[in-house]
Amino acid sequence: MAPVDITIGRRPSLDGALLGDTDPATQGGYPDHPPRMGFFTDTSVCIGCKACEVACKEWNAIPEDGLLFTGMSMDNSQGLGADTWRHVAFIEQRKPIAAQDPGVAHEGVDVTPLARQGSGTAAGQAAVTPTTPGDAGEFRWLMASDVCKHCTHAACLDVCPTGSLFRTEFGTVVVQEDICNGCGYCIPACPYGVIDQREGDGRAWKCTLCYDRLSVGQEPACAKSCPTNSIQFGPLDELRERADARLARLHEAGVIDARLYGRDPHDGVGGDGAFFLLLDEPEVYGLPPDPVVTTRDLPSMAKHVAAAAATLIGGALAAFAVGRWVS
Amino acid sequence: MTEFQQARRSSSDVTKDGLRGQRPDRDALTGVATGKRAKLRARQRDGAPTVPEVTFTSYYNLPVINSPVWSSPDIPGYLFLGGLAGAASLLGAGAQVTRRPALGRVSKAGAFAAGVLSLVGLVHDLGRPARFLHMLRVFKVTSPMSVGSWLLSGYVPLTGIAAASSLSGRAPKVGAAATAASALLGPAVASYTAALISDTAVPAWHDGYPEMPFVFVGSGAAAAGGLGLLAVPLTQSGPARAMAVFGVGTELASFERMKRRIGMTAEPYSEGRGGAYVRAGKVLSLFGLAGAVLGRGNRVVTALSGAALLASSAATRWGIFHAGVQSANDPKYTIIPQRERIKGRR
């Protein structure tokens, strides 16, 4: 892993760097690069097993950061941070969920003819199969594995003063730990609350989308370990297509709450490299409903700073102009 | 009695009226009586008049963004000292041109001392202070901290030369050139820190970005004026007095405008620790202003008003710092304005 320092002088234009739909790897100075890779996390099939959390910690050798019991449903890791790069959220709601009743009540079923068929009841004939939708219940449990979004316009990367955070050839955002000096600027810059400072270490850490594994053609540890394919890894274009199809199917099946989050390349961060299918509003999962990359306003900020600096000069000139009379 | 039984007993008591404090078991409603919300209610009961609670959804009331890891006094001190230094460099240069040597000495020495201390604060706050020089590894216009690091590394040595020449009387030409150069960089030093904190997802900082640089230069001018009033004889402190009045006026007016414009995200500037510092800053700056205006001709009143202005500038920066942290820690400041934004687009 020897990333080229791409910070000086390679950006086509600042405007393209801060706004809109763009190819981040090209923007980052890789004229010839592999397709942009990412995650599509389909929370509708997440079972909350936390295999992703464990696989991530194991593969990336992330230190233990406290074993807590929070009482927040089954969530004991609370949120993304320096030592939690995959976080499974658990939400308990008094809302019906479609098609997840196991249908274990067999009252109306005459088992004798079924028994005669032996163990191999054809799916069409069985009154109850694991996929038969039952009546909608009054309780649902949402589970969602959160991760760094690898934004098209990444605030953490924009504000990093050392060049420690950089854009990889896969369009992902990675911290170089031998460069980071722990200034902490990236931490409040992230609109999602992903990156954080590791205690006792001082540097900032976050998901690398397993840059090391990608570099040798392997998929990230979390996606590899996900037993239900809730975490899907691949070229972003392909994932977006797959997600659109999945959303259409869910809507067809009556799951009207389903929506994609971070899929739109024209949103406040230019679209996420890691996006999600959610079953409720983003804030229910602890995600911001309308995140915006903070540097989008930087040109305007610069103008205001210049105006204020000019005001200060004007004030000083005026002070010396009247200074003789106010001693 | 086993530990387990003890734990059970402490959570429920058998009384004449039956069990008290008993866990509701299967009757429990999800999401009710989790620690955080209970605490929130308790705070509201104790607190001042409660505004009707805005309804919004969050994940267990946890913050959406990660709070700044910057610590006090390093970072608020860095904001305060940068403002003081930048504005003092202007006073120093003006004093040189208008032949006010005492004002020049105090302002140039003050700018150098404040500049060095602000650098110390910045380096001390790093997670890896030994890697400070990594700040100068690249130059990035998208990072106010990168621009600021380069700015400070040019500015602070210049103020050092200006101060040394002014205090020793040696190398007057070099001193004059350094004074002029530091006065050119000074306004940028006093204002860039506003962009630095605004260029984050912290609601109270980001939303206030149009006015924040004016608050910062105003606060810096008040501090530099205050330093002049505190340490310069009356015969030469006129410009410092005018600078202080200009500073307080700019700071208070811009702050007020910012609070009115940004609405809900301005709440932390009036509440909690941040609010207390902001209020203290306001009171001190009004005292300082009154002393500066009414105390003309009185050395003691002038010096006291100078001290009050320095303290007010510091209090305001501490207030802005803590208010930002408060706004980051409460998910409502992140979620509600974003929801409103979505509603506005529809």
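Two residues are in contact if their C-beta atoms, placed from the backbone, lie within 7 Å. The views below come from a predicted model, in which local features need pLDDT of at least 70 and side-chain atom pairs count only at pLDDT 80 or more, while totals for chains, interfaces and linings use all residues. Residues are numbered from 1 along each chain as written, with chains lettered from A and ligands numbered from 1 in written order.

**View 1. Chain A holds ten helices and ten strands.** Helices (H or I, at least four residues) and strands (E, at least two) are DSSP runs, numbered from the N terminus. Of the 327 residues in chain A, 46% are buried (20 or more other C-beta atoms within 10 Å of a residue's own; exposed means 12 or fewer, partly exposed in between). Contacts in chain A between residues at least 6 apart in sequence are worth a look too: 67% of them join residues at least 24 apart.

**View 2. Four strands of chain A form an open sheet in the order 8-1-10-9.** The pairing in this sheet is mixed (two strands pair if DSSP finds at least two bridges between them). Its edges are strand 8 (231-235) and strand 9 (259-261) of chain A, each pairing on one side only. From one strand to the next, the twist averages 20°. Helix 9 (residues 236-252) of chain A packs on the sheet, where it touches strand 1, strand 8, strand 9 and strand 10 of chain A. The direction of helix 9 makes about 135° with that of strand 8 of chain A (axes are lines fitted to C-alpha atoms, for helices over the stretch in contact, and angles run from 0 to 180 degrees between N-to-C directions).

**View 3. Strand 1 of chain A has six of its six residues buried.** On one side of this strand lie A:Met37, A:Phe39 and A:Thr41, and on the other A:Gly38, A:Phe40 and A:Asp42; both faces are covered. Strand 1 (residues 37-42) runs parallel to strand 10 (residues 274-278) of chain A, and four bridges join the two. To find this pairing on screen, look for A:Phe40, whose bridge partner in strand 10 is A:Phe275, and for A:Asp42, which is partnered by A:Leu277. Strand 1 also pairs with strand 8 of chain A, here in the antiparallel sense and over five bridges. There, A:Met37 stands opposite A:Pro235 of strand 8.

**View 4. A:Lys50 has a positive phi of about 65° although it is not a glycine.** You will find A:Lys50 in the loop between strand 1 and helix 3 (51-60) of chain A. A:Lys50 counts as buried because it has 21 C-beta neighbours inside 10 Å.

**View 5. Chain B has twelve helices and two strands.** Reading from the N terminus, its elements run α-β-β-α-α-α-α-α-α-α-α-α-α-α. Chain B has 346 residues, and 54% of them count as buried. For contacts in chain B between residues at least 6 apart in sequence, 75% join residues at least 24 apart.

**View 6. In chain B, helix 3 packs against helix 6 at an angle of about 145°.** Their axes are 7 Å apart. From helix 3, the residues taking part include B:Leu79, B:Gly82, B:Gly83, B:Ala85, B:Gly86 and B:Ala87. Among those they meet in helix 6 are B:Ala176, B:Thr179, B:Ala180, B:Ser182, B:Ala183 and B:Gly186.

**View 7. The loop between helix 2 (35-46) and helix 3 of chain B contains B:Pro73 and B:Tyr60.** The peptide bond from B:Ser72 to B:Pro73 is cis, and its omega is near 10°. B:Tyr60 has a positive phi, near 50°, in a residue other than glycine. B:Tyr60 counts as buried because 21 C-beta neighbours lie inside 10 Å.

**View 8. The contact between the chains takes 77 residues from chain B and 67 residues from chain A.** On the side of chain B that touches chain A, two or more residues come from each of helix 3, helix 5 (144-168), helix 6 (172-198), helix 8 (212-231), helix 9 (238-262) and helix 12 (331-345). Helix 6 of chain B gives the most to this side, with eight residues.
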